[in-house]
Amino acid sequence: MKRIAVFGYSSLSFEAMGRLTPEHYSLLFLAKNPDEAALVRAKGFAAETIDFRNDDELRGIGIGTDIDVIFCFYPDDSDNVFLTISARALDKRVSIIAIVDDPESAPKLLAAGANKIIDPYEICGRKTHEMLTRPDIANILDNTVFGRHDLKLAQIEIPQGAWLDNMKTDQLDLKNRHNLLLIAVVDNTLDEQLHFVTGGTPLVLKSGDILVVMGPTGKIKQFKNEVEHVGNR
Amino acid sequence: MLTRLIIHIAYSLQLSPTYQRGKRFFHNLLENPNSVIKPYFDVFMICLVLFNVFLLIRELNTPLTEAELLFEDVLVSVFITEYLLRVWLYRDAHKIILEDYEKATYLGISFSLVQAIKRIITTKLEYMLSPLALIDLLAILPGYRPLRMYRMLQMFRLFKLFRYFNSIKLFSEILASKRFDLYTLATFLGILVFIGSTAIYMFEFPAQNGHIKNLFDAFYFSVVTVATVGYGDISPQTHGGRIVTMALIMSGLGVLSFFVSIIVSAFNDKMTVLRENRVYTEISRYSNFVIICGFGRVGQHIAAQLQKDKLQFVIIDADPTAILFAKQSGYLAIQADASKNQVLCNAGINAGATAVLCTTGNDVINVYITLTSRHLNPSIRIISRVNREENAQKFYQAGANNIIQPFEIAGMVVAEYVGQPVAFEAILGIIREEQQCVMETLCVQADSMLDGQVLGGIDFDQRKLLLIGVISENSLHSRHKNRYTIKNQHFYFNPPDYFELQHGDLLMVMGRDYSIEHFRGLIEKSRLTLRRKR
């Protein structure tokens, strides 16, 4: 189970927390003051009050030890930059996702050590553009992959010694065997880039590669179990 | 009998598409500032006028040749034709007859043809007495042989240039708009010149050894001095005359400054309207475009994307800073309140716009714009930004087709990213067309190679495409598995090989853009071939 620390009282924090299921994620909201913490607790989330500028308090909540992901969702970019720098200094491996208000702050956040920058206005603009120019695709993806339908997109890493090792992508036949579609492969041994599987030369799979598949949740889970079961099928 | 015949002709003209088309053509040629052909006609007429001026100057020293005289006759014929066409275009005579006739029929009184003709003559005279029409007439008159001696009248042909230069028209409009200020200035100037002329005459009268011989000289001297020109042909000789001259010069400076400030301020006022008109003219040339209401961060991103796609759009925002930024970015922008009916009408909501995007950061304004847009155009597509989740339903009630919630989408992005960063980046890359692969829909058109075809018969691998699914409203497919209901459609994910396509279905495919385009081309080609065979 991933432990996520959420900083910043905003609509985005609640949207993100609401979408992360308690079975897979342990969420902790870090409030600036007790009133904020009380409001978050009233919504059913765990909350603590800390001063994010204090490294000891950051260590106290588990950054550097058991926090896997940090959401920096303060409304001020400067607060997010400061928190990112502090968290990165405490933990080199923690995944930091930060929100950006002014687009000029994005490179600063990346320089501070953030892994992913979220610009809500940019996303909204792109979404509107998609809806305008490709309404069918936007609609389908919203309702299936990003919606509440059972259709999902998933990534599956090939472990050492898995039966998929050295197999070619055209031999997989996920479409008929698992009711899944293989969308792309990340070749970790080559260039760590996404290679889309749309005909052409088939790729040879190696352990460490990541498969990006699309399909019903149950089928993804079943296939994931098969892949992660080291040894022959 | 004659009345009946005229009414019949009037009705025929009203219903005749040829007549209407002809009138529209000449209106576009001569009057419509937004038409494509008018600029060409204007340039042609400018060339004719300039050539005529050349002949006029030449005639002063050398008699004109036969060819040149013939050209002048042709020129006058063109001017006469243009003049008559303009008189014809000014209000429809047949409409006046029909208006009077229908009014008389409705009231049960007898129709008077004489009255109708009188109205037509009054209307046409209204035009003929307008300054530009008078210039046109005066430009034609020297073409009449007995009037040739009045060569000065040919100068009016030069004034015809006023018609063809928009900037001159604008200047006369500006003068007209500042009529009151200019009258005030003219009155002051008149009094000043009157006082100056009288005073200078009194001081510089020949009896006083001055150069002013009569009142006209005094008036001429005053005007030249007030205008700060000072030719020097007449100069004051007495102390009194010099004092008057100095006073006239100082007052003249004031008058000139006042005149310049009036013109400059009028230009400033007019420029905003002029720029707006230019935007509206540009919009009127668009056929399919998007109206973006609000040029904040979201609006800016949308505009950049649409620009990238080479799609046409216009921005409306009440904030002058936002509009300035939009214009600096090279976009078509109007500074106005988008919730006003007139603003949206001027922006073309009923004249070529295909969608309205409400992207301001204020839900109240967005709802109002949505409602106004839906009221003005019941069929236009409206996509609205919703900033607070609790307001989402209100937008649908106001008439939005789709809503966008920035923080909901951002929250979803974060949640997806935490769980599946690679997968999520992949799908985002495809959607944003940042990767080599794109996702597109291909329509199964009636009579194309896909209509009635089973999926197993289409080799997607060979075409370097990946079929994600089929979007369909057709109930024939309802027996298939992997069916996801989306609004009034169904999405069939990974459909089996025996899935038979029906026209109207949409194939959702992934692949390189040129693979998709190639396949699209094949479908279109097959449709045309099958049609030809039938």
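Where is B:A338 found in chain B? In this predicted model, B:A338 lies in the loop between strand 3 (333-335) and helix 16 (341-346) of chain B.

## The setting of B:A338

B:A338 is buried, because 26 other C-beta atoms are found within 10 Å, and a residue counts as buried when there are 20 or more. Not counting residues up to four places away in sequence, B:A338 touches B:C293, B:I316, B:V343, B:L344 and B:I369.

Chain A has ten helices and ten strands, and 44% of its 233 residues are buried. Among the contacts in chain A with a separation of 6 or more, 57% are accounted for by residues 24 or more positions apart.

Chain B has 21 helices and eleven strands, and 29% of its 534 residues count as buried. Of the contacts in chain B with a separation of 6 or more, residues 24 or more positions apart account for 63%.

## The contact between chains A and B

The contact draws 54 residues from chain A and 59 residues from chain B. On the side of chain A that touches chain B, helix 6 (residues 120-133) of chain A gives the most, with 14 residues, and the residues of that side divide into 31 nonpolar, 14 polar and nine charged.

Helix 6 of chain A also meets helix 14 (residues 297-308) of chain B, where the two axes come within 8 Å and cross at roughly 45°, which means that helix 6 of chain A is oblique to helix 14 of chain B. The crossing of helix 6 of chain A and helix 14 of chain B is right-handed. From helix 6 of chain A, the residues making this contact are A:Y121, A:E122, A:C124, A:G125, A:R126, A:T128 and A:H129, while helix 14 of chain B supplies B:R297, B:V298, B:H301, B:I302, B:Q305 and B:L306. Sorted by class, the contact of helix 6 of chain A with helix 14 of chain B has five nonpolar, five polar and three charged residues.

In soluble globular proteins, nonpolar side chains tend to be buried together. Here the largest nonpolar core has 153 residues, and those with the most contacts inside it are A:F7, A:I70, A:F71, A:V213, B:I291 and B:I315. Helix 19 (residues 406-419) of chain B contributes the largest share of this core, nine residues. A second, separate core of twelve residues includes B:I212, B:A218, B:F221 and B:V244.

For A:F7, leaving aside its neighbours within four places in sequence, the contacts are with A:L30, A:F52, A:I70, A:F71, A:C72, A:F73, A:Y74 and A:L83. Two of these partners, A:I70 and A:F71, are also listed with A:F7 among the residues with the most contacts inside the largest core.

## A helix pair within chain B

In chain B, the axes of helix 3 (residues 38-61) and helix 4 (residues 66-89) come within 11 Å and cross at roughly 140°, so helix 3 of chain B is oblique to helix 4 of chain B. The crossing of these helices of chain B, helix 3 and helix 4, is left-handed.

Helix 3 of chain B brings B:L48, B:N52 and B:L55 to meet B:E68, B:E72, B:L75 and B:V78 in helix 4 of chain B. By class, this contact of helix 3 with helix 4 of chain B has four nonpolar, one polar and two charged residues.

Terms used: Residues numbered from 1 in each chain as written. Chains lettered and ligands numbered in written order. Predicted model: local features only at pLDDT ≥ 70, side-chain atom pairs only at ≥ 80, totals over all residues. Contact = placed C-beta atoms within 7 Å. Helix = DSSP H or I, 4+ residues; strand = E, 2+ residues; numbered from the N terminus. Nonpolar A, V, L, I, M, F, W, Y, C, P; charged D, E, K, R; others polar. Core = buried A, V, L, I, M, F, W, Y, C linked by C-beta atoms within 7 Å. Axes fitted to C-alpha atoms, helices over the stretch in contact; angles between N-to-C directions. Parallel < 35°, antiparallel > 145°, perpendicular 65-115°, else oblique. Left-handed = near helix turned anticlockwise from the far one by under 90°.
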